[in-house]
Amino acid sequence: MELQPIKTKKIYEEIVEQVKKSLSEGKLMPGDRFYSERELSEKLGVSRASVREAIRALTTMGVLEVKPGEGTFVRKVQNCDIVQPLVMAMLLEEQQTIYLLEARKILERELAYLAAQRATTEEKEKLVEIVQQMNSELVRGYLQEDTDVKFHLTIAGMSHNPILSRLMYTIADTITQTLANKRNRLYSDPENARLLFEQHREIVQAIVSGAAESARRAMGKHLSFVARQLR
């Protein structure tokens with residue numbers, strides 16, 4: 001057996017590995033504010049020089065971005081290169097809309113299933129707040145599309161699977177750009193608004209109670225209804 005010399009990692013490389021691990025596990029999400037040099041230095045018990053070097057490396061890798069006067073943030077993935085070709089394909093071919101809605105149903109049913117299994121108490125409380133906001137909107141006779149998008153992206157985050165969450169963001173962006181008019185009509189109709197609210201509340205009840213199969217079924221029922229309205 002040929003042996004290779006053992007190389008000790010530099011401290012900043014260890015920091016980089018820990019940050020990347022946190023990202024892969026969903027503990028750090030795109031858009032999150034990152035630690036300051038002082039905070040990270042104290043948490044890890046290392047010098048600020050090592051932290052500074054790690055942040056510089058992570059910034060070069062595109063993991064972090066420094067916003068002057070605001071701080072350091074986990075960089076948001078740019079979906080433009082993925083979304084725009086999908087948008088063009090859907091505008092040119094009506095059949096693509098059906099495929100997109102089908103993909104959404106497959107993905108979101110599993111996201112709801114995972115969310116029911118993995119969501120923290122704080123995340124469940126946040127989801128309840130969103131459906132309460134929907135209820136307030138329903139009193140006014142309509143639902144806001146932005147609230148609906150927030151609802152579905154929140155569930156994606158609750159799955160604690162960053163790959164599936166990223167896919168959900170891509171699908172949500174594509175739907176928003178290509179089906180805007182149809183979605184506006186869907187949410188502004190009072191009867192549809194009432195049905196959509198009831199469907200969202202059913203999904204929340206299943207996720208909060210940890211009933212994964214029920215959450216999957218409720219999400220599937222909801223998205224089947226939406227697909228019928230948007231076709």
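## Contacts and basis

Contact here means heavy atoms within 4.5 Å. Leaving aside its neighbours within four places in sequence, I203 is in contact with F151, I155, A218, M219 and H222.

This is a predicted model, in which local features need pLDDT of at least 70 and side-chain atom pairs count only at pLDDT 80 or more, while totals for chains, interfaces and linings use all residues. Residues are numbered from 1 along each chain as its sequence is written, and side-chain values use heavy atoms, with hydrogens and water left out.

## Helices α10 and α11

Helices (DSSP runs of H or I, at least four residues, numbered from the N terminus) include α10 (residues 190-208) and α11 (residues 212-230), whose axes come within 8 Å and cross at roughly 160°; axes are lines fitted to C-alpha atoms over the stretch in contact, with angles from 0 to 180 degrees between N-to-C directions. That angle makes α10 roughly antiparallel to α11 (over 145 degrees).

Residues of α10 that meet α11 include L195, Q199 and I203, and those on the α11 side include A218, H222 and F225.

## Nonpolar cores

A nonpolar core is a set of buried (under 20% relative accessible area, 1.4 Å probe, protein chains only) Ala, Val, Leu, Ile, Met, Phe, Trp, Tyr and Cys residues joined through side-chain atoms within 4.5 Å. The largest has 31 residues, of which L127, F151, I155, L196, I203 and I207 touch the most other members. Helix α11 gives the most to this core, with nine residues. A second, separate core of 17 residues includes V19, L28, L40 and V46.

Notes: Helix = DSSP H or I, 4+ residues; strand = E, 2+ residues; numbered from the N terminus. Parallel < 35°, antiparallel > 145°, perpendicular 65-115°, else oblique. Buried < 20%, exposed > 50% of the residue type's maximum accessible area, 1.4 Å probe, protein only.
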